[in-house]
Amino acid sequence: MRFYSAAPDKQEITKRVIDVIKAFDRTNATADVSPKTLFHKDLGLDSLDTVELLVAIEEDFDIQFPDKVADELKGVQDTVDWIAEHPEAE
């Protein structure tokens with residue numbers, strides 16, 4: 001479990017999201033995960049794997065993506081942008 005005293009900036013959010021992706025055992029992720037990485041196209045995730053990845057990201061940030069939002073998150077940048085726009089993310 002990680003503790004952060006201030007809301008993370010986009011660079012920190014990006015790093016944490018990428019770290020979660022690299023630790024996720026169902027990805028084709030190698031060392032090349034970037035903000036442009038897409039869950040399905042670049043990581044080879046199906047819809048269930050994507051949900052599981054988003055749950056792992058939720059746990060890392062202690063947040064919950066609304067179902068409608070989770071359906072719209074297609075890659076790293078979408079996820080980072082949403083987290084950055086919601087100050088309850090830790």
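Below are my notes, contact by contact.

**Ground rule.** I am working from a predicted model, so I keep that in mind throughout.

**Aromatic pairs.** I searched the whole structure and got 1 aromatic pair. I looked up its geometry: the ring centres of phenylalanine 65 and tryptophan 82 are 5.0 Å apart, with the planes at 65 degrees, so I logged the pair as edge-to-face. The cut-off for that label is over 60 degrees.

Phenylalanine 65 is in the loop between α2 (47-61) and α3 (67-72), while tryptophan 82 belongs to helix α4 (residues 76-85). The pair therefore ties together parts that are 17 residues apart in sequence.

Buried or exposed, I wondered, for phenylalanine 65? Phenylalanine 65 is buried, at 3% relative accessible area. Tryptophan 82 also counts as buried, at 12% relative accessibility.

**Salt bridges.** How many salt bridges does the structure hold? I found 3, and took them one at a time.

*Aspartate 81 and lysine 10.* Their side chains meet at 2.8 Å, N to O. Aspartate 81 is in helix α4 and lysine 10 in helix α1 (residues 10-23), so this bridge ties together parts 71 residues apart in sequence.

*Aspartate 19 and lysine 15.* Here the closest N and O atoms are 2.9 Å apart. I noted that both residues are in helix α1, 4 residues apart, which puts about one helical turn between them. Aspartate 19 is partly exposed, with a relative accessible area of 30%, and lysine 15 is partly exposed with 48%.

*Aspartate 60 and arginine 16.* The closest N and O atoms of this bridge are 3.0 Å apart. It links distant parts of the chain, with aspartate 60 in helix α2 and arginine 16 in helix α1, 44 residues apart.

**Back to arginine 16.** I gave this residue its own entry. Its relative accessible area is 1%, so I put arginine 16 down as buried; the cut-off is under 20%. Which ring does arginine 16 lie over? That would be phenylalanine 61: arginine 16 lies over its face, 3.9 Å from the ring centre.

Methods: Residues numbered from 1 in each chain as written. Predicted model: local features only at pLDDT ≥ 70, side-chain atom pairs only at ≥ 80, totals over all residues. Heavy atoms only, no water. Phe/Tyr/Trp six-rings, centres within 6.5 Å; stacked < 30°, edge-to-face > 60°. Helix = DSSP H or I, 4+ residues; strand = E, 2+ residues; numbered from the N terminus. Buried < 20%, exposed > 50% of the residue type's maximum accessible area, 1.4 Å probe, protein only. Lys NZ or Arg CZ within 6 Å of the ring centre and 35° of its normal. Salt bridge = Lys/Arg side-chain N within 4 Å of Asp/Glu carboxyl O.
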